[in-house]
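Hello,

Here is the structure we talked about. Please open it alongside this email, and then read on for what turned up.

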Amino acid sequence: MDADNVFPADMPDDHLQPPVSKPMVPLDDDTAERLLAGHLHPEDAPPGYAEVARVLQAAAGPPAREELAGEKAALAGFRAARRGPTVTAGRRAPTGAGGRRRRARVRASLVALALAGTLVVVGVWLGGGVGTADEVLTALGLRSPSWGPGTGGPGGAGSLRPVTTPVTGGQAPGLPSAGERAAARHGRGVTSRGGGSAHGHRLGAHGKPIKPESPKAKPPKAGKDKPPTASNDKPGKTRPPKAQKAKPPKTEAGRPNQGSAGTLSSGRK
Amino acid sequence: MIGPSFEAVLAAAAGGDELAFGILWRDLQPGLLRYLNALAPGAGEDLASETWLRVVGRLDRFAGDERAFRAWVFTVARHRAVDRWRRSTRRSDELVPTGALVHLPAPDDPASSAVDAISSRAAVALIATRPHEQAEVVLLRVVAGLEVAEVAAITGKRPGHVRVLAHRALRRLATRVGQPAHVRGAV
């Protein structure tokens with residue numbers, strides 16, 4: 001029994017059959033092929049094969065309702081597989097092109113995180129103040145205004161996934177995103193505070209101090225259809241990119257609100 | 001079969017179009033279920049889900065016409081069924097899957113119900129009473145709509161052997177469904 005022929009060889013089945021009341025009707029190859037192809041109407045079948053024709057036609061008949069009952073689940077699986085998400089319970093991780101794209105995004109996110117960390121340190125050194133890495137992270141696409149608590153991170157409901165895709169779209173299994181680490185550290189969405197303090201001074205895009213967030217202010221919420229809240233948005237301040245569905249990766253040139261190095265805070269988030 | 005629009009449907013599905021994927025799914029799923037339930041009774045739905053998961057992951061790399069696509073999907077399905085059967089086999093010297101052991105006609109003999117009611121499920125169950133190789137070949141020909149060469153490629157057999165198995169299965173089916181009911185259900 002070879003690898004491709006796992007099922008048992010054709011067993012002699014004569015001893016399993018009840019006594020035959022009449023001899024088997026011979027079947028020529030052409031008739032057999034027409035039966036198998038469904039091209040032989042039972043009325044046109046040779047004697048003894050009309051019922052066989054009916055059986056074969058029934059086997060190839062139109063779908064029953066229960067056979068199509070799983071369509072919604074199949075479509076959901078299709079969407080999940082195309083997104084390249086983490087593996088759901090009982091299912092294998094997407095492989096092939098979807099898996100490659102996911103791994104590429106993870107690698108890009110690691111590079112971007114390292115870069116963001118470097119920029120934060122440089123910004124503090126140059127700016128001499130506690131700013132925020134929000135603008136930089138946002139500009140790099142590592143966060144969006146719609147991230148928020150309850151959407152990810154350890155213990156968070158659902159999965160934390162940036163609406164803007166670029167470098168952090170998709171997660172490798174077990175690899176926390178920047179947002180998840182932030183959520184774990186601060187117990188809320190992705191906002192950054194300098195110097196480790198919860199309410200440090202932050203500088204806006206133009207170097208002006210920004211009013212620190214009050215404890216009561218709700219951080220921006222993640223979600224594809226939810227608009228950004230105003231917690232980090234001040235009049236006159238350049239707003240980070242709006243949350244959108246499935247945005248393509250942005251290049252550095254296309255990112256708004258790069259901000260100045262002076263707006264960065266120490267630490268990462 | 002989808003027909004002349006298959007290529008457009010496939011391309012759309014490979015590009016992420018859910019509606020196009022739904023067309024593919026509705027076209028193949030009933031046949032997949034019938035085939036897999038015959039190979040692995042009770043596990044057809046799980047195996048079909050695993051099959052689609054694998055197919056979706058490789059959809060953008062498939063190249064071929066509709067017949068080739070059907071053959072590919074059923075090839076993936078067969079591999080899933082074989083993998084499951086291998087995992088479930090406890091003894092390495094067990095030659096016959098449990099589900100394919102002696103098919104003693106039961107009071108609800110599929111042969112009786114198939115001829116009388118002619119439901120697809122009963123018809124497939126009747127075909128599945130054949131030895132595994134015969135049943136598989138007939139199901140791939142009839143349910144999956146594949147030709148001899150495609151069935152041969154999927155099952156790893158020569159085309160001539162596929163024909164012999166199919167014809168033998170038809171003759172045995174004729175014998176079985178042509179018997180009086182008391183004979184069919186006697187044993």
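Start with one residue. Val55(B) sits in helix α3 of chain B, which covers residues 44–57. Is Val55(B) buried or exposed? Its relative accessibility is 1%, so Val55(B) counts as buried, the cut-off being under 20%. Leaving aside residues up to four places away in sequence, Val55(B) touches Phe69(B), Trp72(B) and Val73(B). Take Trp72(B) from that list. Trp72(B) and Val55(B) are 17 residues apart along the chain, and their C-alpha atoms are separated by 8.7 Å.

Before going further, a caution: this is a predicted model. The predictor gives the complex an ipTM of 0.82 and a pTM of 0.54.

Chain B

Chain B has 187 residues, and 56% of them count as buried. It has 10 helices and zero strands. From the N terminus on, the elements therefore read α-α-α-α-α-α-α-α-α-α. Of the contacts in chain B with a separation of 6 or more, 60% join residues 24 or more positions apart. The accessible surface of chain B is about 7,800 Å², and carbon and sulfur atoms hold 54% of it.

The mean pLDDT of chain B is 84, and 80% of the residues score at least 70. Within chain B, confidence is highest in helix α8 (residues 148–155), at a mean of 96. It is lowest in helix α10 (residues 181–184), at 50. Two stretches need care. Residues 91–96 of chain B stay under 50, with eight contacts beyond four places in sequence. Residues 98–108 of chain B are also below 50, and that stretch has 10 contacts beyond near neighbours in sequence.

Chain A

Chain A has 269 residues, of which 43% count as buried. Its secondary structure comes to six helices and two strands. Along the sequence the pattern is α-α-α-α-α-α-β-β. Residues 24 or more positions apart make up 62% of the chain A contacts with a separation of 6 or more. Chain A exposes about 13,800 Å², with 60% supplied by carbon and sulfur atoms.

The average pLDDT is 60, and 22% of the residues score at least 70. Where pLDDT is low, the predicted coordinates should not be read in detail.

Where the chains meet

Which helices cross between the chains? One such pair is helix α2 (residues 50–59) of chain A and helix α6 (residues 120–127) of chain B. Their axes come within 7 Å and cross at roughly 115 degrees. The crossing of α2(A) and α6(B) is left-handed. From α2(A), the contact uses Val55(A), Leu56(A), Ala58(A) and Ala59(A). From α6(B), it uses Ser120(B), Ala123(B), Val124(B), Leu126(B) and Ile127(B). The residues of this contact divide into eight nonpolar, one polar and no charged.

Best wishes

Note on methods
Residues are numbered from 1 along each chain as its sequence is written. Chains are lettered from A and ligands numbered from 1 in the order in which they are written. This is a predicted model: local features need pLDDT of at least 70, side-chain atom pairs count only at pLDDT 80 or more; totals for chains, interfaces and linings use all residues. Side-chain values use heavy atoms; hydrogens and water are left out. pLDDT is the predictor's confidence in each residue, from 0 to 100. Helices (H or I, at least four residues) and strands (E, at least two) are DSSP runs, numbered from the N terminus. Contact means heavy atoms within 4.5 Å. Buried means under 20% relative accessible area, exposed over 50%, partly exposed in between (1.4 Å probe, protein chains only). Accessible areas come from the Shrake-Rupley method with a 1.4 Å probe; for residues, only the protein chains shown count as cover. Axes are lines fitted to C-alpha atoms, for helices over the stretch in contact, and angles run from 0 to 180 degrees between N-to-C directions. A crossing is left-handed if the near helix is turned anticlockwise from the far one by less than a right angle, and right-handed if clockwise. Ala, Val, Leu, Ile, Met, Phe, Trp, Tyr, Cys and Pro count as nonpolar, Asp, Glu, Lys and Arg as charged, and the others, Gly among them, as polar.
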